Amino acid sequence: MTDETARPIDEGAPISTPAPVVDDAAVERALRAGLEDFELSPEDQALLDAQGGLSADAGPQGPLPVVAVVGRPNVGKSSLVNRILRRREAVVEDVPGVTRDRVSYEAEWGGRRFTIVDTGGWEADATGIHLRVAEQAEIAIDLADVVMFVVDATVGATDDDEAVVKLLRRSGKPVVLVANKVDDQRGEADAAMLWNLGLGQPFPVSAVHGRGSGDALDAVLAVLPDVSAHGAYAQGGPRRVALVGRPNVGKSSLLNRLAGSDRVVVDNVAGTTRDPVDELIELGGTTWRFVDTAGIRRRVHQSRGADFYASLRTQTALEKAEVAVVLIDAEEPIAEQDIRVVQQVIDSGRALVIAYNKWDLLDEERRHYLEREIEKELVQVPWAPRANISARTGRHMDRLVPAIETALESWDTRVPTGRLNAFLGEIVASHPHPLRGGKQPRILFATQASTRPPRFVIFASGFIEAGYRRFIERRLREQFGFEGTPIEVSVRVREKRRR
């Protein structure tokens with residue numbers, strides 16, 4: 001490693017394989033012993049002493065009971081959900097129709113855990129996209145164990161509220177009537193008027209201020225079963241796949257195609273989806289949790305209102321996922337937004353699959369130019385598995401699962417320390433780090449600090465240039481695969497102990 005005639009890096013040169021068989025364990029012991037001559041911090045020592053393997057968090061054993069929050073538009077359903085969750089999770093804006101899909105969250109009250117489902121506003125005479133929103137609310141009622149029916153106490157019962165009451169009575173589900181927007185004692189008289197709906201006691205609540213929400217939740221727990229009768233929102237277990245991309249590339253259409261039903265609202269208007277939507281889907285003999293997300297726009301900080309919060313929810317959903325499927329509209333040229341979405345997935349440390357949607361609509365000329373665009377614009381992710389699909393027709397959907405499985409396997413891969421160090425020794429022997437200032441940094445030892453994604457830490461006697469780090473990353477991919485996952489290579493420079 002101290003060859004004074006070190007050559008510049010030839011990144012395209014093949015690695016020469018030495019004839020003798022290398023004892024990986026012996027190499028690891030020798031290099032670890034050599035580290036004793038260098039100054040190591042407590043964090044370094046803890047990393048070196050750590051054993052491999054990550055424990056998986058055990059999820060709940062059974063499906064949690066489900067509480068659906070329903071009502072007409074703009075009565076404060078999402079605000080009530082946020083109050084129950086004690087955090088801003090559901091997108092809220094002072095405009096009717098912000099929530100469109102049924103969105104589930106895990107909540108807790110009084111030591112009881114349950115799934116709460118936010119829904120879009122239900123209207124009796126809805127048309128177009130509003131009709132599909134209302135249909136999602138009706139499905140939420142069917143899959144719920146208890147329904148929280150939210151009415152605006154300041155307006156009173158409307159014709160749409162009366163229509164919801166008929167729907168709830170047909171469902172036969174326990175109903176807790178919530179009279180929202182009762183901000184002080186003067187509004188309780190308005191809440192009392194809702195006895196006329198025939199659903200029992202109306203609970204006066206201010207979702208914004210939290211007033212009375214505890215009493216309403218106590219009433220919910222009184223009729224809530226221990227385990228859901230439907231299990232439609234089971235938590236834990238299946239691996240999480242986030243569908244991400246810029247607006248209107250077909251994420252919701254893909255989820256509906258995979259689910260085999262109209263699970264989420266689809267419309268030609270960009271930005272239809274605003275909340276991340278989970279769905280358990282069985283593909284290839286395995287159950288997956290797919291998450292449809294709002295389209296990632298050019299600049300989050302330039303978005304306003306519901307779009308701003310939807311962008312934040314998309315980032316949160318991405319961080320909770322294990323693998324992200326980035327959808328790109330194959331009909332249109334690859335845009336800067338597409339590249340930014342891919343980079344956002346890499347920065348989040350998620351496994352990555354790129355799906356080119358609407359492939360069935362391409363002619364030969366467009367396919368030729370698309371291949372050139374991929375080579376030019378996505379040159380930084382040649383390791384990402386690719387699937388050419390059509391969410392509309394279902395073309396080549398069978399290729400999606402193998403790509404996801406490959407990416408997740410790489411995301412979980414751990415390289416044994418002895419094998420890693422023997423491999424790096426071969427690299428350094430054939431392509432040493434270039435001389436800088438008459439000195440040549442030595443790689444002292446390397447270890448894989450973690451998986452998901454794979455992170456490697458190299459201890460060195462001097463600064464390792466960025467170009468050489470990229471060279472090491474490329475060689476790691478050539479040797480160990482890592483198809484579909486970002487990998488991180490960091491360097492800790494350590495000096496010799498003073499005698």
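Predicted model: local features only at pLDDT ≥ 70, side-chain atom pairs only at ≥ 80, totals over all residues.
Residues are numbered from 1 along each chain as its sequence is written, and side-chain values use heavy atoms, with hydrogens and water left out.

The secondary structure of the protein chain comprises 14 helices and 15 strands; helices (H or I, at least four residues) and strands (E, at least two) are DSSP runs, numbered from the N terminus. Of the 499 residues in the protein chain, 51% are buried. Buried denotes under 20% relative accessible area, exposed over 50%, and partly exposed the range in between, with a 1.4 Å probe and protein chains only. Among contacts (heavy atoms within 4.5 Å) in the protein chain between residues at least 6 apart in sequence, 74% join residues at least 24 apart.

Helix α13 (residues 417-430) takes part in two helix pairs described here, with α14 and with α1. The axes of α13 and α14 are 11 Å apart, and the two helices pack at an angle of about 120°. Helix α13 is therefore oblique to α14. Axes are lines fitted to C-alpha atoms, for helices over the stretch in contact, and angles run from 0 to 180 degrees between N-to-C directions. Angles under 35 degrees count as roughly parallel, over 145 as roughly antiparallel, 65 to 115 as roughly perpendicular and the rest as oblique. The crossing of α13 and α14 is right-handed, a term applied if the near helix is turned clockwise from the far one by less than a right angle, and left-handed if anticlockwise. On the α13 side, the contact involves R419, L420, F423, L424, I427 and V428, which meet Y468, F471, I472, R475, L476, Q479 and F480 of α14. By class, this contact has 10 nonpolar, 1 polar and 2 charged residues. In this classification Ala, Val, Leu, Ile, Met, Phe, Trp, Tyr, Cys and Pro are nonpolar, Asp, Glu, Lys and Arg are charged, and the others, Gly among them, are polar.

The axes of helix α1 (residues 24-34) and α13 come within 7 Å and cross at roughly 80°, so the two helices are roughly perpendicular to each other. Here D24, V27, E28 and L31 of α1 meet T417, G418, R419, N421 and A422 of α13. The contact of α1 with α13 has 3 nonpolar, 3 polar and 3 charged residues.

Residue F445, in strand β13, has 0% relative accessibility and counts as buried. Leaving aside neighbours within four places in sequence, F445 contacts E28, L31, R32, L35, L48, T417, N421, V457, I458 and F459. The C-alpha atoms of F445 and S461, 16 residues apart along the chain, are separated by 9.9 Å.

In helix α8 (residues 251-259), the buried residues are K251, S252, L254, L255, N256 and L258. Elements covering these residues include β7 (239-244), β8 (277-283), β9 (286-292), β10 (323-329) and α12. K251 has a relative accessible area of 6%, and the side chain of K251 reaches the backbone oxygen of R246 at 3.0 Å. Just after α8, G260 adopts a positive phi of about 75°.

S348 is located in the loop between α10 (336-347) and β11 (351-357) and is buried, with a relative accessible area of 13%. A polar atom of the S348 side chain lies 2.9 Å from the backbone oxygen of Q344. Not counting residues up to four places away in sequence, S348 touches Q315 and L318.

Most residues other than glycine have a negative phi, and most peptide bonds are trans. Phi is positive at H396, near 60°, and at F482, near 55°. H396 lies in the loop between β12 (386-388) and α12 (400-411) and is partly exposed, with a relative accessible area of 21%. F482 lies in the loop between α14 (466-480) and β15 (488-493) and is buried, with a relative accessible area of 1%. A cis peptide bond, with omega about 0°, joins R452 and P453; P453 is placed in the loop between β13 (443-450) and β14 (455-460).

Key. Polar contact = N/O pair within 3.5 Å; in protein donor to acceptor, adjacent residues only side chain to side chain.
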